[in-house]
Each structure stands twice: as structure tokens, then as C-alpha cells.
Amino acid sequence: MVVSPKIAPSMLSSDFANLAAEAKRMVDLGADWLHMDIMDGHFVPNLTIGAPVIESLRKHTKAYLDCHLMVTNPMDYVEQMGKAGASGFTFHVEVAKENWQELVRKIKSAGMTPGVAIKPGTPVEEVYPLVEGETPVEMVLVMTVEPGFGGQKFMPSMMDKVRTLRQKYPTLDIEVDGGLGPSTIEAAAAAGANCIVAGSSVFGAPKPGEVISLLRTSVEKAQPNI
């Protein structure tokens, strides 16, 4: 079974003063998902957006809002994010080792798709129980930079994690986030990533639609060889 490509422009790189228009522009240019970075200023040093912004944006788009929660207490966010209209809720394994089963159940009960993220320094084995559990996550996000800020350089060594996950879980959605663009997509696609988060490489491009198309084509071309 081939996993479908999902290209998710990172709205952290968009013009926040015109978020609704930026979301429409990305969807019109071919984006599958819109990636929303929720940072609490504690788990990561940066502070970005929360449920009120998701709720406001939801009024202007039907797009899949792929929410990545870089927060210390993800359980505190489930209800508010569900009510705000988040589509996916991806939490970090580093802060959910004790209560991930309850967390995944609550995410699903709130109508969202559960995912788990791992930082560059976290062994990939730590997500296995969450993928294989009775109530499993439906996506694994492999961070290809240290989480917290946009515009960082892609870490090719993280592709070993992606490769391992794809060999172990052929039908799993595997997302990569950090430094993805035309120069790095082939490595990520060849390793088995099918959900691609791209910020500055899309929003900073003269023709963002061409970059979105290139990212998708790279994933599609790599699929038969994985």
C-alpha cells in the first residue's frame, strides 16, 4: 500500500497579520494540510499561537489544520484545541511517557487525529509503543531540526529514523519538519516520509505553488522504491 503525500506549508512562516488570506493562498496553490505550530515558551523557548488563533482561522478555512504542540502539558490543550477546530493534534513523546494512552484517547474523543513527535535527540524506539498500542497514534512526526524556531538547517542524520519507521510501519503517515525544501526533499522522500512540512522554502519562494508541486512529486516518485 502506497501512503499518499501530504504537503503542509508551515503557517509560522506566513504573514500572521493576514492569516486567513495566507491559508487560502496555500490551499489554492495545492497544499493538502496547513501546519500550525503551537509553542508554549516552556517546552521550547519561543511563544507562538494557541486555540484562539486556531478558532479564528477555522472560520475562514475548511483545510486540515495539522497542529504540532510543542508544549510541556499537552493534556491541558486537548479540549480547547478540539473545540477550536484543530484537525490533527501532535504531541511530543518527551512529555507524554507516563500518560500517552489517556492522551491519545482524549484526542480522538475530541474529534482530532492523534500524532506523536520526536526531537532530534530522542531515540526512534520511544514511539514504537504509541504506534503499536491498543489506541495508537496515526502519525509520527520526526523533527529534522531542534523544535522552537523556523528557518533552521535540515539534519540529514534524522533520515535514519524515518527509514526505520517506514520499514517497520509501511502504511503509517510519517511527517518531517525542519529545513525541508527543494534541496532536501529527495533525501526525506527516499527515506519514506510522506507528510512534508515546509515553511520558509514555500513562503519565501517567488512561486510557492511550484515548490508545493515539487515536494509532492518527490514523494510520489520515491514511493515505489521504498
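User: Which residue forms a salt bridge with aspartate 28?

Analyst: Aspartate 28 pairs with lysine 24, and their closest N and O atoms are 2.6 Å apart. The term salt bridge means that a side-chain nitrogen of Lys or Arg lies within 4 Å of a carboxyl oxygen of Asp or Glu. Please keep in mind that this is a predicted model, where local features need pLDDT of at least 70, side-chain atom pairs count only at pLDDT 80 or more, and totals for chains, interfaces and linings use all residues. Residues are numbered from 1 along each chain as its sequence is written, and side-chain values use heavy atoms, leaving out hydrogens and water.

User: How many residues apart are aspartate 28 and lysine 24 in helix H1?

Analyst: Four, so about one helical turn separates them. Helices here are DSSP runs of H or I with at least four residues, numbered from the N terminus.

User: Are aspartate 28 and lysine 24 buried or exposed?

Analyst: Aspartate 28 is exposed at 54% relative accessibility, and lysine 24 is exposed at 53%. The cut-offs are under 20% relative accessible area for buried, over 50% for exposed, and in between for partly exposed (1.4 Å probe, protein chains only).

User: What does arginine 25 meet in a salt bridge?

Analyst: Its partner is glutamate 22, at 2.9 Å from N to O. Arginine 25 is partly exposed at 32%, while glutamate 22 is buried at 11%.

User: How many salt bridges are found in the whole structure?

Analyst: The search finds eleven. One of them joins glutamate 210 and lysine 207, with closest N and O atoms 3.8 Å apart.

Note on methods
Helices (H or I, at least four residues) and strands (E, at least two) are DSSP runs, numbered from the N terminus.
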